[in-house]
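Q: Could you take me through the spot where the ligand's iron atom is held? I'm new to this one, so please spell out the terms as you go.

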Amino acid sequence: MALEKPCIVLLLIIGRVAAGVQSDKQDAPLSAADARKLKNPVPYTKKSIAQGRGNFARYCTGCHGQDGKATVDVVADATDLTDPSVWRNGTTDGEIFRSIRDGAGASMPAFKSQIRQEEDLWHLVNYIHSLWPESKRPPLQEK
Ligand code: HEC
């Protein structure tokens with residue numbers, strides 16, 4: 001059949017385009033409303049907090065400081081991450097996820113291209129919770 005080959009090629013092209021649309025969608029910034037609907041799929045455990053701590057040291061302390069308070073030697077006007085009452089971009093798990101993934105305000109960069117695994121973003125959310133006053137932290141789920 002003469003038509004068979006062009007048809008397969010066409011199908012491959014359609015497949016590629018569809019995959020491209022899909023990945024664009026995944027990388028598009030989340031709206032605030034969508035972010036609020038997100039549920040943290042990673043339980044708040046010591047192990048998760050430890051994993052978040054590693055990435056925090058690597059990517060975040062330059063602006064937010066070792067202790068997250070953004071007090072010493074800190075670039076720009078970074079938020080004190082230990083005090084959710086002064087935050088400007090939302091304090092639900094999904095909103096924190098969004099601030100890290102897509103950036104926040106004028107000078108907090110997006111990290112989705114450096115931290116590719118969503119799970120690692122959630123570990124950071126959990127780590128940030130561990131910096132909060134005890135009364136505002138979620139209960140630790142031991143495993
Ligand atoms: C280049 C400096 C810089 C780096 C690096 C940086 N941040 Fe930020 N961050 C900021 C600034 C500035 C703000 C305040 C944004 C604004 O104006 O609301 C901010 C805000 C935030 C917020 C939102 C707080 C709020 O007001 O709601 C979170 C959460 C956050 N940062 C987490 C992180 C994490 C986690 C990392 C590492 C993955 C990180 N940041 C890396 C500068 C930085």
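A: Let's start with a term: buried means under 20% relative accessible area, exposed means over 50%, and partly exposed is in between, using a 1.4 Å probe and protein chains only. This is a predicted model, where local features need pLDDT of at least 70, side-chain atom pairs count only at pLDDT 80 or more, and totals for chains, interfaces and linings use all residues. Residues are numbered from 1 along each chain as its sequence is written, and side-chain values use heavy atoms, with hydrogens and water left out.

Now to the iron atom of the ligand: H64 (through NE2) and M108 (through SD) coordinate it at 2.0 to 2.1 Å. Donors here are N, O and S atoms within 2.8 Å of the metal (3.2 Å for Na, K and Ca); water is not among the atoms, so sites may look incomplete. The iron site has six donor atoms with angles of 84 to 179° and is octahedral, which means that opposite donors are over 155 degrees apart and all others between 65 and 115.

H64 counts as buried because its relative accessibility is 9%. M108, at 24%, is partly exposed.

What else does H64 do around here? One of its polar side-chain atoms lies 2.8 Å from a nitrogen atom of the ligand. R88 has a backbone N or O atom 2.7 Å from a ligand oxygen, and N89 likewise has a backbone N or O atom 2.7 Å from an oxygen atom of the ligand.

Note on methods. Tetrahedral: all angles 85-135°; square planar, octahedral: opposite > 155°, others 65-115°. Polar contact = N/O pair within 3.5 Å; in protein donor to acceptor, adjacent residues only side chain to side chain.
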